[in-house]
Amino acid sequence: MGKLKFTISEAGIWAVITGVAFGLTYQFNEPLQQYRYGAAGWPRVIIAGIALFALIQAIWSHLHPSRKGRIMGQVEEQISELPSQARGISVHLKHLATFAVPLLYLFLMPRMGFYILTPLFVAGYMMLLGERRLLHLVGTTLFVYALTIVIFLKLLFVPLPVGNWPGFYDINSLFVSFIK
Amino acid sequence: MVELFFKGFILLATDPFAVFLFFAALIIGLFFAALPGINMVTLGAIILPFTAYLNPTHAIMIYGVIYVSGTYGGAVMAILFNIPGSAENAPTAFDGYPMTQQGKSGKAIGAAIVSSSLGGMVSAIVMMLAAPGIARWAIHAFGPPEMFSLIFFGLSIVAAVGAENLWKGWISVLLGLLLATIGTDPSGGLHRFAFGTYYLLAGIHFIPLILGFFAISEVFVQAEKMVTKTYRAPKVGIAFPSFMEFWRLKLAIVRSMILGFFAGVLPGIGATLAAFLSYNEAVRWSKHPERFGKGELEGVVASETANNAATGGAMIPLLALGLPGGAITAMMVSVFMIHGMDPGPLIMTRAQDLVWVLFVAMFIANLFIFLLGYIETKTIVNLLRIPFRILSPCIMILATVGAFALRNSLLDVWVMFLAGIAGYFLRRSGYSVPGIILGVILGGLGEAAFVKSMQMLHYDWFAFFGRPVCAVLLAAALLTLFVNVLKSAKQMASSQV
C-alpha cells in the first residue's frame, strides 16, 4: 500500500472511530446534579484528543514520509514489510486462517464445548503453522489438554463451557463428571 | 528495629509449618505469575477462603510472599515471549524480548532476577524503618487532585515511549483511556458504551486486554512469519550478567528503587506506573537513549527494580493506616477481617509479631528470588528450544482459559481475541500497546480522581496549581509534553532539510 493511501486510510479509521464514539456519547449525555461536566464530559475530551492527535499524525506522516521511528520491544524485521516472494494466494489464505481459526474456535466453544473442541483446535493450529509430525501433534495436544484440565478444572474449579448443541453437551458433561 | 527483625526471623524459622507455607507461596507465586492470564491476584483470590483455617500470621505472610514472588515471576514470560505476566512487567518486555531475540535471554532474566531481588530487599528495609511516618505523609499529601496530577504526569511519560512517534504514543494512551470509559461512569452511575448488555456494565477488564495485546498479538505476528517462511527461532542464551554490568547500572538501580518505593506507597498506582516511570527515567538519563527498545539491559533493570521496590511501599499504607493500594493488599485487608482484626495504626503495636514476621518473610522472599531465579535462568530459557508452532496453540489455550476464568465469561475471551487482532495491526502501524494498557488501567482511577477533584476545588482549574504537589506534577507533565513536542518538531524539520 502506498504511503499516502496508508496515511489516508489510517486517518479515516480514526475519524470513523472518533465519530461513532462521539455520536454514542449522546446516549448518556444527561445533566448530573452532583457533577457539572456530566457522564459524557470525560469521554468527549478523550475523543477530541484522539481526533486532534490523529490529525497531527496524518499531517506528520504526509510531511515526514521516509522516517521510521522506534517501536519499543519490536525488532526491525517485525515492523518491516514481508518479502514479496512470501506473498502467494495460498500464503494469504493461510495468513488469514491464523486469525480466523481462533475466532472459529471461540465461536464454536459455547456450542460444542471446551472439552471436545480444544484438542481439535490445538492440533489444527499446529498443522496450520506447518507441524506435520504425528508424535508432536498428538503429544502436544495431550500435554496442553492435560495441563489445562489439571490447573483449571481440578485446581481452580473453572466451569469451562460444556456446549449446548445436542449430543455435545452430554459428551462434555460426561467427561467433566469422569474427571472430577 | 534489629531486635524486632531477629524476633520475626526466629518466629518464622522455628515454625516448620510457617517455613513450609513460605516456600509453597514462593514457588507457587513464581509459577502462577509465569502463566499467561493467571497471576498473583488470581492465586490470592483462590486461597483467600482457605486462610480462615490458618492463623493470621501465616495467612498474612503467605500474601506478602506471593506479592513479592508474583511481581518478579511475570518478568520471565515478558522476556522470553513478549507476554508480560501482569501490567507491571510490560516495560520489561520493551528490552527483554529484543534481548531474547538476540540470544541474550539468560542475561535479561538474570538482570530481572538481580534487580527484582535488590529492589525488593531495599524496599523491605525501608518499609521496616519508616512505615508509619511515610504512610502519614503520603495519605495527607495525596488527595484526589494530587492523584489526578500524578496519573496525568504518568500518562504524559508513557505517551513518549513505546510508539513510532509522539502522536501515535498519545493516540495509544487516549485509546486506552477511552476503553476505560466503557461501563458505568463514576459520577452518576450512568451506563456508557454498554450497548444494552449487562456484560459491559462492569467495564472491560484489563487482564484480557493484556493477554490480547501482548500474548495473542505476538502469536499472530509469529504465525505470520511461520506461514510466510520468514520465521527465525530465537537463540538460547544462558549467560548471567556480570558484576561489572550491574555496577555500571548502579545509578539506574538506585533511581528505580526510589521511584518504585514511593509509587508503591500511593493507593492504586503502585508497581505498574512505577515500572513505566522508572523505564522512562532510564531512557531520559541514558547517554545512549537510542539503544532502548532494542535490547538494552538497563531497560530491564529499571523496570524490574521499580516494580519490586513498589511491593515494600505498598505495605506501608496497608499496615500503618489500613488502606490497601491494590488487589493483593485488599485481599490482605480481607484476611485481617476474616480473623477479626482491624488493619490500621494499632496493628503495629497490637500485632507486632505478625507485622515483623511479614516484614522478615518479604525480605527473605526477595533473597530467595535471587537464589531460585539463578536456577531458573539456567533452566527456563530452554523453553525457547520448543518450536513456536508447538508453543503457539499452548499459549492460546492458556490465555483463553485464563481470560475465561477471570469472570467465567466468554465475553472476556472475545475481548482478548479482538484485542489480539487489533494489537497485531496497531503494532505493525507503530502504536504503543503498553500505552493502551496503561491508559486502560489508569483511566478509571484518573477519571474518578478528576471528578472528586473538581467537586473539591469547586470547578476551579487553577486551584490545582495552588497545591504544591499538584503544581510540581502538572508542571512536570506539561514540561514533558512541551519537550517532546519540541523534539518531534525538530525531527520533522531535520528530515525535510
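Is Pro343(B) buried or exposed? Pro343(B) is buried, with 24 other C-beta atoms within 10 Å; here a residue counts as buried if 20 or more other C-beta atoms lie within 10 Å of its own, exposed if 12 or fewer, and partly exposed in between, with C-beta atoms placed from the backbone. What you're looking at is a predicted model, where local features need pLDDT of at least 70 and side-chain atom pairs count only at pLDDT 80 or more, while totals for chains, interfaces and linings use all residues. Residues are numbered from 1 along each chain as its sequence is written, and chains are lettered from A and ligands numbered from 1 in the order in which they are written.

**Chain B overall**

- Chain B has 20 helices and 2 strands; helices (H or I, at least four residues) and strands (E, at least two) are DSSP runs, numbered from the N terminus.
- Its radius of gyration is 22 Å, close to the 23 Å that the globule rule gives for 497 residues, so chain B is as compact as a globular protein of that length. That radius is taken over C-alpha atoms, and the rule is 2.2 Å times the number of residues to the power 0.38.
- Along its principal axes, the C-alpha trace of chain B spans about 70 × 60 × 50 Å.
- Of the 497 residues in chain B, 62% are buried.
- Take the contacts in chain B between residues at least 6 apart in sequence: 79% of them join residues at least 24 apart. A contact means that the C-beta atoms of two residues, placed from the backbone, lie within 7 Å.

**Chain A overall**

- Chain A has 7 helices and 0 strands.
- Buried residues make up 26% of its 180 residues.
- Among contacts in chain A with a separation of 6 or more, 55% come from residues 24 or more positions apart.

**Where the chains meet**

- 66 residues of chain B are in contact with 65 residues of chain A.
- Elements giving two or more residues to chain B's side include α5 (90-101), α8 (166-180) and α20 (468-496) of chain B.
- α17(B) gives the most to that side, with 10 residues.
- By class, the side of chain B that touches chain A has 38 nonpolar, 18 polar and 10 charged residues. Ala, Val, Leu, Ile, Met, Phe, Trp, Tyr, Cys and Pro count as nonpolar, Asp, Glu, Lys and Arg as charged, and the others, Gly among them, as polar.

**A closer look at α5(B)**

- 12 of the 12 residues of α5(B) are buried, so α5(B) is largely enclosed by the rest of the structure. Among them are Phe94(B), Tyr97(B) and Met99(B).
- After α5(B) comes Gly103(B), whose phi is positive, near 80 degrees.

- Helix α1 (residues 2-13) and helix α16 (residues 352-380) of chain B pack at an angle of about 85 degrees, with their axes 8 Å apart. That makes α1(B) roughly perpendicular to α16(B).
- Axes are lines fitted to C-alpha atoms, for helices over the stretch in contact, and angles run from 0 to 180 degrees between N-to-C directions. Angles under 35 degrees count as roughly parallel, over 145 as roughly antiparallel, 65 to 115 as roughly perpendicular and the rest as oblique.
- By class, this contact has 10 nonpolar, 1 polar and 2 charged residues.

**Back to Pro343(B)**

- Pro343(B) lies in the loop between α14 (327-338) and α15 (347-350) of chain B.
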